[in-house]
Amino acid sequence: MSLSINNNSLSLNAQRKLADHTNDANRLIARLSSGARIGGASDDPAGQALASRMTSQLTGMSQAMRSINDATSMLQVADSTLSTITDSLQRLRELAVASGNGSYTDRDRNTLQAEADQILSHITQTGNGATFNGQTIFSQDNGNAHEDKNKRAVLDSLRAGWLSSAEDMVQQYYGLQADGATLKINLDTTDGQGGVLASVSGSTAADSDVTLNIDMADFSNITTPDGGSGPLYDDRVIAHEMVHAIMLRSTSFNFPQWFTEGTAELIQGADERVAGALAGGQTADDIVGTIAGGGFTYEGGYVASRYLHDRLKSMGVDGGMKGLMTYLSAHRTADLDTALKAVTGGQYQDTSDFMADFSAHGAGFITDTMNLTNADTGAIGGLDADGGPSRDAQGVVAEAGFGTPDRPLRNFKVEYPDIGTAAPSMRRVQIQAGADASDLIDMQFAAVNASALGLGDLDMHNTAVALLHIDDALAFVSDQRVQVGAYSNRMDVVASNNQTASMNLEAARGRIQDVDYAGDTVRLTRVQILQQAASAMLTQANGEPRAVLALLR
């Protein structure tokens, strides 16, 4: 090769290598001293972008965890509030049960009402006053302003006892029960006050529904467990109509009007009707003659049915009217003629035979047998009709039967109407449970004050309805506690998921951003060796021009 003093390519190459090794050593030392593989965007542009996004996710998750912890604390306050309200409702229920004690006087019930009013005030204060970080937890709504209060009172009474008591009476005294059809409650039909109080519509066809029509013009003052005021309490009207409804679904219902209406009157008694007719100028012969002549009056139908009940018992028919009704139910196509002949063994060949008997002896039955002056209503199974306990106008229909508010009738499916009840107002609370905008948990809290729970006008004097409302309130609060517990469990699950995701994301970011100490230490040792070698070679290369002097000597 040629020798030159103006150009030393070996030195330049050694300098370049030494600079490269020095830069590599400086970069490795910076990585090892900081612990980060990416000190700047130039180190790994793509890795830097990924690590930056992961950092955003991690910081978002960290804040979300704090939000979840705050939400969990708020839910603990909510659960504590609902627990307190549940305890108060349990005490209210104790008072309502105590109010049903027949040995208590109205003064005793007034005392119970006074305590109940204070408990209700405490429930409202507790429910409306529950706060977290200065914000109320539960909705502050006071109930449904759109609900028809009169219709609500009727439905409450139906659920609390009127329907179940009537069903029990019909089964006990007539041996009849429905076939599981749907009984629809209709509160929107009216002919004005004082007309038809209630009626039943439907058919005997299979799978046919039955409708109980209630005229709100006559059922608008439910002030007692019996409804309205005596002698014609609303619960007696319902018992009358339930006889029709059950007969419609258990017999041919192909009977004379005096029989269908008279037996419906007999179930709850109608001595007041007969006494009123006599006081109004009619005679016993008039009452009997109308029915025997093919006409109809309620008092006449009642007297005929009660007379038939008495005669059937004297003929040896077990249960009297119950024996006849049981036959009609067992023989769904039978009419009254066929049934009378069958159960009396031919003593009555048909309805005409009975009518002849009733025409001849019905007036005497009214004047000599029926007691129209005592408190007993003349209902079947009572003192006057069967020698049983006296059943007056207020007590002839029991306050509650064997049904429950959720299922008041065992042999009908009850369908209630919409009376303007809307979904409860909710307070919505959103929790940011993750790093992304869509990672939200939506929580809703209904009002739990006394009015919103349906207890604003709780009356301890009406035990059955009071218990119904308290049980509904307990069920509602229990559902709220279930919801709060579900929210709390969800928070725990989300928190655990965030912790796992954060841990995995942190590991992924570390693989991108953190330095590999083992590998970089090896590389630093190698670079340092190369750096020293390059420095030595640079010294050699710089001495190369001296060989030219040897040629010039």
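**Close-up views of a predicted model**

**View 1. Helices α8 and α12.** Helix α8 (residues 284-292) packs against helix α12 (residues 351-369) at an angle of about 155°, with the axes 8 Å apart. That angle makes α8 roughly antiparallel to α12 (over 145 degrees; axes are lines fitted to C-alpha atoms over the stretch in contact, and angles run from 0 to 180 degrees between N-to-C directions). Helices are DSSP runs of H or I with at least four residues, strands are runs of E with at least two, and both are numbered from the N terminus. On the α8 side, A284, D285, I287, V288, I291 and A292 meet M355, F358, S359, G362, A363, I366 and T367 of α12 (contact means heavy atoms within 4.5 Å). The residues of this contact divide into nine nonpolar, three polar and one charged (Ala, Val, Leu, Ile, Met, Phe, Trp, Tyr, Cys and Pro are nonpolar, Asp, Glu, Lys and Arg charged, the others, Gly among them, polar).

**View 2. The open sheet.** Four strands in the order β4-β5-β3-β6 form an open sheet with mixed pairing (strands pair if DSSP finds at least two bridges between them). β4 (198-202) and β6 (413-415) each have a single partner strand, so one side of each lacks a neighbour in the sheet. Antiparallel pairing of β4 with β5 (residues 210-214) runs over five bridges.

**View 3. I5.** I5 lies in the segment before α1 (9-34) and touches P545 and V548, not counting residues up to four places away in sequence. The C-alpha atoms of I5 and V548 are separated by 7.4 Å.

**Notes.** Residues are numbered from 1 along each chain as its sequence is written. The model is predicted, with local features needing pLDDT of at least 70 and side-chain atom pairs counting only at pLDDT 80 or more, while totals for chains, interfaces and linings use all residues; side-chain values use heavy atoms, leaving out hydrogens and water.

Conventions
Parallel < 35°, antiparallel > 145°, perpendicular 65-115°, else oblique.
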